[in-house]
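Open the model in your viewer and keep the selection panel handy. We will begin at a single residue pair and widen the view from there.

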Amino acid sequence: MVLPPLQNRPCGGRYTDLVQAIGNTPLVELRRLSPRPGVRIWAKMESFNPTGSVKDRVARSLIEDAEEKGLIGPGQTILEPTSGNTGISLAMICSLKGYRLKVVMPENVTPERTQLLQMYGAEIVYSPGDQGSNGAVAMALEMAEADAGYYMPYQYGNPANPGAHYNGTAPEVLEELDGEVDAFVAGLGTGGTLMGNARRFKDELGDRVKIVAAEPMQGEPVQGLRSLDDGYIPPIIDLSLLDRKIFVTNSDAIVWTRKLLDEEGVFAGVSSGAIARVAHRIAGELDEGNVVFVVADDGWKYLSSGIYTKPIEEIEALESTLWW
Amino acid sequence: MATVKIPPVLRPSTSGEKEVSADGATVGQVLGSLASEHPATKQQIFGDGGELNRYVNVYLNDEDVRVLQGLETEVGDGDVLVILPAMAGGAF
């Protein structure tokens with residue numbers, strides 16, 4: 001049988017199951033967003049992963065690493081602090097691989113996250129919303145200490161998290177751009193995306209590539225409940241790998257999330273808006289080159305908040321919500 | 001003269017002020033001026049050796065000074081410094 005020639009390149013590939021289909025995401029140029037003719041802005045569409053976020057890569061890496069080391073077996077309960085995406089990815093992977101999953105997450109995340117986790121059969125433990133991700137981390141660490149039956153991958157401190165990007169995301173970008181990467185921008189959360197990509201880009205390209213972190217500036221209602229001693233710096237973060245670290249307010253993040261949608265048709269989550277804003281700022285400082293930024297997740301989980309349709313001043317709890 | 005934005009957690013130490021003006025050519029000097037004016041902020045911002053406390057992030061015009069030149073980072077007239085507690089990202 002003679003098959004017709006493939007019209008689109010590349011084909012999405014053929015996999016033995018959904019877990020194997022993680023990664024190999026498209027890199028899409030966003031021409032309307034570029035502030036300069038010689039500077040090309042590229043979106044690495046991690047939202048195209050099976051559960052809609054970059055965390056599919058991380059969750060697969062965490063679980064497969066534990067399997068390879070013999071740390072988990074059939075029926076194992078896995079425990080992880082997460083405000084959403086990692087939990088959703090772990091839930092999908094655990095349901096396919098036959099593990100039980102318990103996630104600890106702040107109570108003030110959007111309701112879609114709860115439904116997605118339940119949909120894949122995960123059990124949810126809520127931590128105090130005013131303590132953000134730090135509170136979820138602290139609670140999960142306590143639970144793991146009290147019960148040795150849990151296996152906690154602990155994405156904040158596990159080298160398999162940045163490893164997913166060192167061996168996956170970064171080589172894909174290098175391949176698509178023939179190694180011509182001048183700046184890479186990603187969000188700072190666990191640090192996995194930034195650290196894994198940064199190490200690979202620096203290893204391959206040296207100082208020609210600038211690594212830039214976009215960081216959420218928590219709103220005052222969240223800040224106000226915290227003391228300066230409550231800080232938490234994920235152990236995998238090595239600040240020396242970053243060339244710049246720039247914060248983005250919640251309202252700017254949402255303005256740019258809308259800009260991605262209105263100008264480029266990219267339906268992304270709020271962190272991607274913040275990252276795009278920083279990518280645009282960096283692009284404006286260059287004369288020419290390729291600026292790559294990560295679209296960390298898609299927008300479905302944020303629909304109930306109205307951020308894609310309401311005027312910004314009508315969005316409820318703009319400053320007290322943990323958007324990313 | 002730079003503007004320093006004070007987080008809620010430090011406002012009891014600045015008589016409730018949300019932002020203050022402070023002199024200095026570097027981040028260290030500006031924060032030093034703040035600490036002279038409002039002594040209760042000193043031990044919250046600086047460690048015993050005069051370095052930034054581990055969980056305090058200071059941003060100059062939105063950029064973390066730890067990734068720039070730390071306390072030696074130059075500050076221009078009209079620049080804005082923001083002091084914030086270090087936090088892990090939200091939705092990860």
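Select Leu79(A): its bridge partner in β4(A) is Lys102(A). Before going on, note that this is a predicted model, in which local features need pLDDT of at least 70, side-chain atom pairs count only at pLDDT 80 or more, and totals for chains, interfaces and linings use all residues. Residues are numbered from 1 along each chain as its sequence is written, while chains are lettered from A and ligands numbered from 1 in the order in which they are written.

Now select residues 77–81 and 100–106 of chain A, which are strands β3 and β4; they run parallel and are joined by five bridges. Strands (E, at least two residues) and helices (H or I, at least four) are DSSP runs, numbered from the N terminus, and two strands pair if DSSP finds at least two bridges between them.

Next, switch to chain B. Which pattern does chain B follow along the sequence? Colour by secondary structure and trace β-β-α-α-β-β-β, a total of two helices and five strands.

Zoom out: the C-alpha atoms of chain B fill a box of roughly 40 × 30 × 25 Å along the principal axes. Of its 92 residues, 36% count as buried, meaning that 20 or more other C-beta atoms, placed from the backbone, lie within 10 Å of the residue's own.

Methods: Buried ≥ 20, exposed ≤ 12 C-beta atoms within 10 Å, placed from the backbone.
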